[in-house]
Amino acid sequence: MQGFLGEERRGAVLNALRTHEGTCSRDYLAAARSVLNELVAIPDLIQRLPLLRKQGGYTRNLLAGNEAVSVWAIVWGDGATTCIHDHHCSCCFGVVSGTVTETWYRAIDASRAVPTEEQERQAGYVACMLPTGPNIHRMQNRGVGDAISIHIYGYDHQLHDSSVETEYTAVAG
């Protein structure tokens, strides 16, 4: 599954993400931001990969991973949306192409949240956050055509199915 990136680039990405403090430090966030800025600056590299797609949904394509981090290309079909969620690990992402709308939420209890802010994330946008949360959000492709983003999570993809900690239900504020 890690055949999307060549071995040399995959190794370079994983080496760039190694810090002495692990995946819960400012140094790690700076390293992840640097990797994402590099990857979103060369959209042709990502767009020409044989990424899996799902009409009306999103697909995660593992680009690189080890015991500390996993790097995914996510292809967002028209109308694709995630659940409202937070993460059990660090979460960094950059938009390669298209627009991804990110809606932020505030928890009102263990399973419900109210929307607080919404932003359109254009190609070139990069964000990084530690799991100091709750960092509750939902991602959507409201545009026409696919959007592609790269996500770097501070977890071992062989031990966890995803980075999602808790799923929430939206309620009116």
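Valine 126 in strand S7 is the bridge partner of glycine 94. The model is predicted. Start from that pair, then look at the sheet around it and the nonpolar cores.

**The sheet**
- S4 and S7 pair in the antiparallel sense, over 4 bridges.
- These strands belong to an open sheet of 5 strands. Its order is S1-S2-S9-S4-S7, and the pairing is antiparallel.
- S1 and S7 stand at the edges. Each has a single partner strand, so one side of each is left without a neighbour in the sheet.
- On average, neighbouring strands of this sheet are turned by 20 degrees against each other, direction ignored.

**The helix across the sheet**
- Helix H2 lies across S4, S7 and S9.
- H2 runs at about 160 degrees to S7.

**The largest nonpolar core**
- This core has 29 residues.
- Those with the most contacts inside it are Leu17, Ile46, Leu51, Leu63, Val71, Ile150 and Ile152.
- Three helices are among the elements that give two or more residues to it: H1 (7–16), H2 (26–40) and H3 (43–47).
- Strands S1 (58–65), S2 (70–76), S4 (91–97), S7 (126–129) and S9 (147–153) also give two or more residues each.
- H2 provides the largest share, 7 residues.

- Isoleucine 46 is in contact with Leu39, Leu51, Leu63, Val96, Ile148 and Ile150, leaving aside its neighbours within four places in sequence.

**A second core**
- A separate core has 16 residues.
- Among them are Ala80, Cys91, Val100 and Ala147.

Note on methods:
Residues are numbered from 1 along each chain as its sequence is written. This is a predicted model: local features need pLDDT of at least 70, side-chain atom pairs count only at pLDDT 80 or more; totals for chains, interfaces and linings use all residues. Side-chain values use heavy atoms; hydrogens and water are left out. A nonpolar core is a set of buried Ala, Val, Leu, Ile, Met, Phe, Trp, Tyr and Cys residues joined through side-chain atoms within 4.5 Å. Buried means under 20% relative accessible area, exposed over 50%, partly exposed in between (1.4 Å probe, protein chains only). Contact means heavy atoms within 4.5 Å. Two strands pair if DSSP finds at least two bridges between them. Axes are lines fitted to C-alpha atoms, for helices over the stretch in contact, and angles run from 0 to 180 degrees between N-to-C directions.
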